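I opened this entry to keep track of what I looked up, item by item.

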Amino acid sequence: MLKNVFGILSGVWLLQMAAALPGWSAWGWLVATVAAVAGGALAFCAARSQRARSTRQAGALLVLGFVAALLAGYAYAAWRADLRLSDALDGELEGRDLLLTGVVASLPDDNGDSVRFVFEVEGMGTVEAPRAGVPRRVLMTWYRAWGRGGQQTRAVPTLRPGERWRLPVRLRLAHGSMNPGGFDYEAWLLARGLRATGNVRGDGERLEADVGGFMNGVHRLRARIRAQFAVALPDAPYRAILVALAIGDQNSIPGEQWETLRRTGIQHLVAISGSHVTLVALLVGGLLMLLWRRVPPLALRCPARLAGVLGGLAAAVGYSLLAGMAIPVQRALIMLAMVAVAMLARREASAREVLALALAAVLAFDPWAPLTAGFWLSFGAVAVILLVAGGRVSPPGRWRAAVRLQLAITFSTVPVLVALFQGFSVVAPLANAFAIPLVELVITPLVLAAVLWPASWLLQCAHAPSAWMMAALQWLAASPLALREQPLPPSWLLGAATVAAALLILPRGTPGKLAALAVLGGFSLWQPARPQAGDFHAAVLDVGQGLAVHVQTATHDLLYDSGPLYGRTSDAGERVVAPYLRALGVTRLDAVVISHDDTDHAGGLESVRARLDVTDVIGGEGDGAPFCAAGLSWQWDGVDFTVLAPESPPAGKRENGQSCVLRVSGQGGVSLLLPGDLARDGEYELVDRNRAALASTAVVAGHHGSKSSSSSPFIAAVQPDVAVFSAGYRNHYGHPHPSVWARWEAAGARNLRTDVGGMVALEAKAGKMETVAWREAGRRYWFGR
């Protein structure tokens, strides 16, 4: 069975990695799924029957069964994908003012700047009007407005799950930034059935306070619990962690606390996982069984064992609903249900079969689950437990077994953690040694008790050990050795390292362990190739409406601009630049050049400086930063960096006209021009003063393609082969302007834009410039849909 379920997983994974869906209809894929399942079942039964006359014949049938399972997984995932993509936003409605009626269908997330929630659309204007061209589920954001001095000028009303609203909105297709090592926002939306995003424009009208419905009731209960925690612990610094343990809402955990959890490797403890669900089932089931036996009439009517199993399972279901049914929770709940059925049927359940059936059930419910980190970490951890704990002739003592198990889980999940997060915590075994028992045996029971009996003293009792735990974790996280960051290796090396890690945790005497150690050694030492001397690589990152360009030579790294702010609490440095550099293995920047002081270019600087070692900031404010002015130049590894403008250091705040213009030139005359937001007047002056120095192989178009830049004389002086436009998707400035796009194109440039192609990579190699748009290189079937 395990082989066939692995075949289904392989098929689902192949489909999710596909660049486009094959051209069949949804019904065609459904028929293909049924046929593949039937063929796999026949092959499996034939292999098990006495008609398989030889081992070779049985093996061939098992291989056929695996292939049939793979085809079934692929066809099923394609069928589900075709159905989901059919619920799409009509392109003609994108960016238009619409009036929609619908229901708040999730727990609203208030981050201070805005409130985000899932809106189930019922109609256009009224409930009765059809929602033609509008998907059923939309991720909606309702922004607050802020005036000078940080004064709020427009509030957002209190939203509750189950409310019906009429909202003036603008919608857009599911779209996110696309960079190596970055978060795939579009895949995240697709997996949750959110086929568009939107902003509320103006005031809405609440039509009904509660439309009813089971899941709306669950979300209202979750909102009520969150509000009770806020009243009981108004100023408690770790209240958000207790909320996460109670209802699975992690959105309020501050970034610095997440960083502590990441560096110590215990993020899994604040995400409701299988262990939490199992703990609830055991506590409730055991207590119910104990009480049941003490009431003879009940025990005579129903065995205490049956009552305990059913009660524990019911409690697990309730807790899972409160937790939001994340992938690890689904896996644990399904496994608990299967164990409960086996216990009630008085049959012994094989742990491997239970895990295999849980995996199949999760994939059937959600074929996009393999796109999430929780899927691989949850099932991977359980598989490791089965490998380490099962089949031992002489099991070790409890403490020794616990230590061995924790070390095995930490060690074996390293390749997965590197693949997902480009790093792993070195102190995770020590942190988990005290955090796991504290969270699962003390904090979580107190939190759940406070959910059932909302007494503030229970939450205060839960918060005190949480504070002790976080203090110890912060001390561990402060060590520079706490976290090992590693660049993202190629897929073949990740696969080999995963197999090698699994091989090393098998019992003594298993062959191939020396080879496995060699593979893991190569995995830990692997570094991506850097340019040769005289060459350079540049990446125009997809940061939205802003600019950030990374330039790399043989031994040096430079960042030109740091991207925009994303509101008051986030920026491109944190969300795009740092993850990209981490995936590339860059931990130090030899220089950061800030073209000028606008927040769409300098907004991410502080986050970059907080996460990487920065040697020099050229053009930055304060700290004795070197001025960016014409005449400044240097050479790294045979690559020349020359500042062409401004002619003299500006006084005060640097506006667009004082942008730092940088030219990067490698061997063979291959060059890149970075003009920042230089306006036409500055372009005219630069052409008059230093026209010959402007000629470049590639250019990042000034001011994101605005009409205020890219004048005809400037374009004629640059004469590039490639022009890159860094702009936000459907930005309200209309960048790049069609006339600017046409001017660069008429000059012979190949135009690329980050909002369409994602990050644009420019490789100057052996006197030639090669370009790659990341969205095209790593295309998936849901892009742009």
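**Entry 1: a loop residue.** I started with D561, which sits in the loop between β14 (557-560) and α21 (572-583). The model is a predicted one. I looked up the backbone of D561 and found phi near 70°, a positive value in a residue other than glycine. I noted it because most residues other than glycine have a negative phi, and most peptide bonds are trans.

**Entry 2: cis peptide bonds.** I then went through the peptide bonds. A645 and P646 are joined by a cis bond, with omega about 5°. I placed P646 in the loop between β20 (639-645) and β21 (661-665). Another cis bond links H735 to P736, and here omega is about -10°. P736 belongs to the loop between β24 (722-725) and α26 (738-746).

**Entry 3: α5 against α11.** For helix pairs I wrote down two values, since two packed helices are described by the angle between their axes and the distance between the axes. Helix α5 (residues 214-232) packs on helix α11 (residues 304-323) at an angle of about 75°, and their axes are 9 Å apart. The two, α5 and α11, are therefore roughly perpendicular to each other. I listed the contact residues: α5 contributes F214, M215, V218, L221, R222 and I225, and α11 contributes L321, L322 and A323. Sorted by class, this contact of α5 with α11 has 8 nonpolar residues, no polar ones and 1 charged.

**Entry 4: α6 against α18.** The axes of helix α6 (residues 239-247) and helix α18 (residues 456-477) come within 9 Å and cross at roughly 115°. That angle makes α6 roughly perpendicular to α18. I recorded the crossing of α6 and α18 as right-handed. From α6, the residues R239, I241 and L242 meet L459, A462, H463, S466 and M470 of α18. The contact of α6 with α18 divides into 5 nonpolar, 2 polar and 1 charged residues.

**Entry 5: the second largest pocket.** Which helix gives the largest share of the lining of the second largest pocket? I found that α5 does, with 6 residues. At least two lining residues each come from β2 (109-110), α5 and α6. The second largest pocket holds about 630 Å³ of space. Its lining counts 26 residues, and the closest to the pocket centre are P108, D110, A223, R226 and A227.

**Entry 6: cavities.** How many cavities of 30 Å³ or more does the structure hold? I counted 2 of them. About 50 Å³ of space lies in the largest cavity. The residues lining the largest cavity are A174, E186, L189, L190, L194, R195, W782 and R785. I classed that lining as 5 nonpolar, no polar and 3 charged residues.

I listed its lining as L547, H601, G676, D677, V700, A701, G702, H703, H704 and S726. By class, the lining of the second largest cavity gives 3 nonpolar, 6 polar and 1 charged residues.

Conventions. Residues numbered from 1 in each chain as written. Predicted model: local features only at pLDDT ≥ 70, side-chain atom pairs only at ≥ 80, totals over all residues. Heavy atoms only, no water. Axes fitted to C-alpha atoms, helices over the stretch in contact; angles between N-to-C directions. Helix = DSSP H or I, 4+ residues; strand = E, 2+ residues; numbered from the N terminus. Parallel < 35°, antiparallel > 145°, perpendicular 65-115°, else oblique. Contact = heavy atoms within 4.5 Å. Nonpolar A, V, L, I, M, F, W, Y, C, P; charged D, E, K, R; others polar. 1 Å grid on protein atoms, 1.4 Å probe; cavity = no way out; pocket = protein on both sides within 12 Å on 5 of 7 lines; lining within 4 Å. Points joined across faces, edges and corners; volume = space filled by probe spheres on them. Left-handed = near helix turned anticlockwise from the far one by under 90°.
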